[in-house]
Amino acid sequence: MKIGVYPGTFDPITHGHTDIIRRSLRVFDKVIVAVALSPTKRPMFDLAERVDMVRLVTKELAHVDVEAFQGLLVDFVRDRGARAVIRGLRAISDFEYEFQMALVNRKLAEGFETVFLTPSEEYTYLTSSIIKEVASLGGRLDAFVHPLVGARLFGRRGTKVS
Ligand code: COA
């Protein structure tokens, strides 16, 4: 079975992330969405909330598992017997950082592969931070996130967006 791991902070999951998960299912038999603790990013939602939102948004998709992880991505990937890591490449600006991560991960674990998928062009401008900013200013979120995620973002209005 070809297993792919899609890692990220998912603070929160957006339509752009869901688009990548759907595309990954055309390539892999099973996709594990790995929600990172990412303490240095000081996420708005704690790890359990982020995992919960990813589960809610992907519950209709077969062959998707959602797990929290901390520590090195290469260890998580090896422990799950995965074939590769999936990353979305939205624009040229993503390239340098993604290339660096892919090469560091390959140095850390021989045979580690990263597969890059291109999201639908309607999501190439999205980031979780920009959506948190829109939410904090009372903007409409339906074009960016699942309604359940939007409701949670609105529940956090007044929370500082870092
Ligand atoms: N659609 C919409 N938004 C997207 C997206 C897509 N397809 N792909 C990425 N983004 C957004 C993310 O939401 C994030 O937004 P934010 O910075 O406003 O929060 C931003 O683009 C950057 O995303 P990304 O580069 O994927 O960072 P991340 O924090 O989501 O994930 C990890 C990074 C968790 C994969 C990485 O830090 C990691 O592997 N950590 C584990 C520790 C480790 O092994 N470190 C060594 C790695 S070399």
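I take a nonpolar core to be a set of buried Ala, Val, Leu, Ile, Met, Phe, Trp, Tyr and Cys residues joined through side-chain atoms within 4.5 Å. The model examined here is predicted.

**Nonpolar cores.** I looked up the largest such core and found 31 residues, of which Ile 13, Val 33 and Leu 153 touch the most other members. I then listed the elements that each supply at least two residues of this core: α1 (15-24), β2 (30-36), α2 (47-58), β3 (64-69), β4 (84-88), α5 (128-136) and α6 (147-155). The largest share, five residues, comes from α2. Apart from this core I noted another, of 14 residues, including Ile 32, Ala 36, Val 74 and Phe 76.

**Surroundings of Ile 13.** Leaving aside residues up to four places away in sequence, I found that Ile 13 touches Thr 18, Ile 21, Met 53, Val 54, Val 57, Val 145 and Val 149.

**Chain layout.** I counted six helices and five strands. Read from the N terminus, their order is β-α-β-α-β-α-β-α-β-α-α.

**Overall dimensions.** I checked the radius of gyration: the chain has 15 Å, which agrees with the value near 15 Å for a compact globule of 162 residues. Along the principal axes, the C-alpha atoms fill a box of roughly 45 × 30 × 30 Å.

**Burial, surface and charge.** I found that 44% of the 162 residues count as buried. The chain exposes about 9200 Å², and carbon and sulfur atoms supply 53% of that area. Lastly, I located the mean positions of the 23 positive and 20 negative charges, which are 2 Å apart.

Terms used. Residues numbered from 1 in each chain as written. Predicted model: local features only at pLDDT ≥ 70, side-chain atom pairs only at ≥ 80, totals over all residues. Heavy atoms only, no water. Helix = DSSP H or I, 4+ residues; strand = E, 2+ residues; numbered from the N terminus. Rg over C-alpha atoms; globule rule 2.2 N^0.38 Å. Buried < 20%, exposed > 50% of the residue type's maximum accessible area, 1.4 Å probe, protein only. Areas by Shrake-Rupley, 256 points an atom, 1.4 Å probe, with all protein chains shown as cover. Lys, Arg positive; Asp, Glu negative; His and termini not counted. Charge placed at Lys NZ, Arg CZ, Asp CG, Glu CD. Contact = heavy atoms within 4.5 Å.
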